[in-house]
Amino acid sequence: MSLLDVTGLGVRSGQGRELVSDVSFTLEAGARLGLIGESGSGKSLTALAIMGLLPTGMTASGSVVLDAPGLPRTQITGATERDLNGLRGRAVTVVFQEPLTALDPLMRVGRQLAEPLGRRHGLRGAALRRAVVAALEEVRLTEPDRIARAYPHEISGGQRQRVAIAMALACEPALLIADEPTTALDVTVQAEVLALLDGLVSARGMALLFISHDLAVISRITDHVLVLRDGRAVEAGAVRDIVNAPRHPYTRSLVDSARELDSPLDRITL
Ligand SMILES: Nc1ncnc2c1ncn2[C@@H]1O[C@H](COP(=O)(O)OP(=O)(O)OP(=O)(O)O)[C@@H](O)[C@H]1O
């Protein structure tokens, strides 16, 4: 049984517009998959449907089954909020493009991180404070004590995204969804955060669903990819095959524009 099994996923708006149609893929424990497509192709809605977090009024159809170790196997489409609350954080969690989505602007970073860490590991007092510092160190934040005392606006964008990653990891999820996690960062920080995610996903044996419009970024972190266009999957396979021999014209245009913008793809074609 796969960790995540998505079959014929559809998402409709409240007005009945089909925004995602018939998307299928599976993820085994510890596996990685990239979801690529241009703006509006349905990447984020697919991620939100997997989390059971679609905006009010939208409906999901088809099947999304999460089967994380130690948790009940759950059909996400149609699950109750109570079932979903038991899964979010532990079975699956998400890091968004904008770290402030995950952070409360009025609460110090350390306290925010203490909540899930305390809940997950049953820690309090000095042990919990040590766990907060360790979590900040794990995402390679220097000066963890200062960061723990800071409010989100008092740290840089790259530091905030590291904190958001630490928050996402606090409940030790089996599956991490990263939705354009480096898009809002400048190029150097982008590369550092990508390398950090890569290392953490390997070290913890998590599965990763990595969403991006950028094939070069995807190729650095995963070797398999699903190409979405207008809410439909048009091609899937190994990044290497897709880069070397794209079958769908849309995929070819993604590869061509990635080649123009970025040279890292060259090493894949060697
Ligand atoms: N809350 C919403 N209400 C109505 N339509 C929406 C809503 N959110 C997204 N859509 C529409 O659904 C389609 C897919 O959107 P989605 O956000 O999944 O795309 P995306 O590939 O993640 O794009 P981006 O890279 O810009 O985030 C788009 O046509 C978008 O306009």
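Predicted model: local features only at pLDDT ≥ 70, side-chain atom pairs only at ≥ 80, totals over all residues.
Hi everyone. Let me start with a definition: a residue is buried if 20 or more other C-beta atoms lie within 10 Å of its own, exposed if 12 or fewer, and partly exposed in between.

With 6 of its 6 residues buried, strand 8, residues 207-212, is largely enclosed by the rest of the structure.

Now the neighbours. Strand 3, residues 32-36, runs parallel to strand 8 and is joined to it by 5 bridges; there, Ile 36 stands opposite Ser 212. Strand 7, residues 175-179, is also parallel to strand 8, again with 5 bridges, and Asp 179 has Ile 211 as its bridge partner. Between these two strands comes helix 7, residues 187-204, and strand 7, helix 7 and strand 8 make a right-handed β-α-β unit.

Let's go back to strand 3, which also pairs with strand 9 in the parallel sense, over 3 bridges. In that pairing Gly 34 stands opposite Val 225. Strand 9, residues 224-229, is mostly covered, with 5 of its 6 residues buried. It is joined to strand 10, residues 232-238, by 6 bridges, and this time the strands run antiparallel. Strands 9 and 10 form a hairpin with 2 residues between them, and Asp 230 in the turn has a positive phi of about 50°.

For contrast, take a helix residue. Is Ser 257 buried, exposed or partly exposed? This serine lies in helix 10, residues 249-261, and counts as partly exposed because it has 15 C-beta neighbours inside 10 Å. Ser 257 and Leu 215 are 42 residues apart in sequence, yet their C-alpha atoms are 9.1 Å apart in space.

Finally, the whole chain: there are 11 helices and 10 strands. Its radius of gyration is 19 Å, close to the 18 Å that the globule rule gives for 270 residues, so the chain is as compact as a globular protein of that length. Of those 270 residues, 40% count as buried.

Key. Residues numbered from 1 in each chain as written. Helix = DSSP H or I, 4+ residues; strand = E, 2+ residues; numbered from the N terminus. Pairing = 2+ DSSP bridges. Right-handed = clockwise from strand over helix to strand, strands pointing away. Rg over C-alpha atoms; globule rule 2.2 N^0.38 Å.
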